[in-house]
Amino acid sequence: MRTDGERRTVEALEASGVPYVRTRHGRVGSLAEAAAARGIEPADLVKTIVVRRGDDDFLLVLLPGDRTISWPRLRALLGVSRLSMPDATVAKDVTGFERGTITPFGTTRTWPVVVDARAAGRRVSIGGGGHGVGIELATDDLVRALGATVADVSEAG
């Protein structure tokens, strides 16, 4: 494995028992390029977004690549009036992954996971803990393994 992040991701996947396929491609500059390199549509590439709920209180939100967070829906789901996205340094500090490599498997700290309902029931590709690394798996397996909440928290991108 090329990076510590990729190693942690694979170890967490193996420990969870989730069946997956790991793919590698060259470094890319956008989600559209990553989807093309993996031979999938952007909607099938699920991005992991770090969201700050409060001081030292974060969660991971997984969205299809063609969607963005619906802040009103996410706030309503969580019962909070304010959420924000941390900068890249904080995101790395709380997950152990650089932006563009973040995945819910193998984070250095465990955070709640919310999966957008549009990703449920599908086979998708998520980040693999390193640049140019993808993990293909069934979203329903991910939800079970991580105890994730499935909810409608996105809007058209």
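The legends below accompany close-up views of a predicted model.

Residues are numbered from 1 along each chain as its sequence is written. In this predicted model, local features need pLDDT of at least 70 and side-chain atom pairs count only at pLDDT 80 or more, while totals for chains, interfaces and linings use all residues, and side-chain values use heavy atoms, with hydrogens and water left out.

**View 1. The annotated region, residues 28-144.** An unreviewed UniProt entry places the annotation "domain: YbaK/aminoacyl-tRNA synthetase-associated" on this stretch; UniProt positions follow the numbering used here, feature names are shortened, and annotations may be inferred rather than shown by experiment. Over residues 28-144 the chain is 26% helix and 30% strand, with 30 Å between the end C-alpha atoms; helices (H or I, at least four residues) and strands (E, at least two) are DSSP runs, numbered from the N terminus.

View 2. E6 and E7 pair in the antiparallel sense over five bridges, and the bridge partner of Ile 126 in E7 is Ile 135.

**View 3. The buried face of helix H5.** In H5 (residues 139-146), Thr 139, Leu 142 and Val 143 are buried, meaning under 20% relative accessible area, against over 50% for exposed and in between for partly exposed (1.4 Å probe, protein chains only). Seen down the axis of H5, its buried residues fall within an arc of 100 degrees, so they line one face of the helix; the arc is that of the directions from the helix axis to the C-beta atoms. Their cover includes strands E3 (57-64), E5 (113-116), E6 (123-127), E7 (133-138) and E8 (149-151). Just after H5, Gly 147 takes a positive phi of about 65 degrees.

**View 4. The largest nonpolar core.** A nonpolar core is a set of buried Ala, Val, Leu, Ile, Met, Phe, Trp, Tyr and Cys residues joined through side-chain atoms within 4.5 Å. The largest has 23 residues, and those with the most contacts inside it are Val 50, Leu 62, Phe 105, Val 115, Ile 126, Leu 137 and Leu 142. E3 gives the largest share of this core, three residues. Apart from it lies another core, of eleven residues, among them Ile 49, Val 61, Leu 63 and Ala 151.

**View 5. Ser 70 and Val 153 in contact.** Ser 70 sits in the loop between strand E4 (67-69) and helix H3 (71-78), and counts as buried because its relative accessibility is 4%. Leaving out residues up to four places away in sequence, Ser 70 touches Val 153, Ser 154 and Glu 155, contact being heavy atoms within 4.5 Å. Val 153 lies in the loop between E8 and strand E9 (154-156), and at 0% relative accessibility Val 153 counts as buried.

Technical notes: Pairing = 2+ DSSP bridges.
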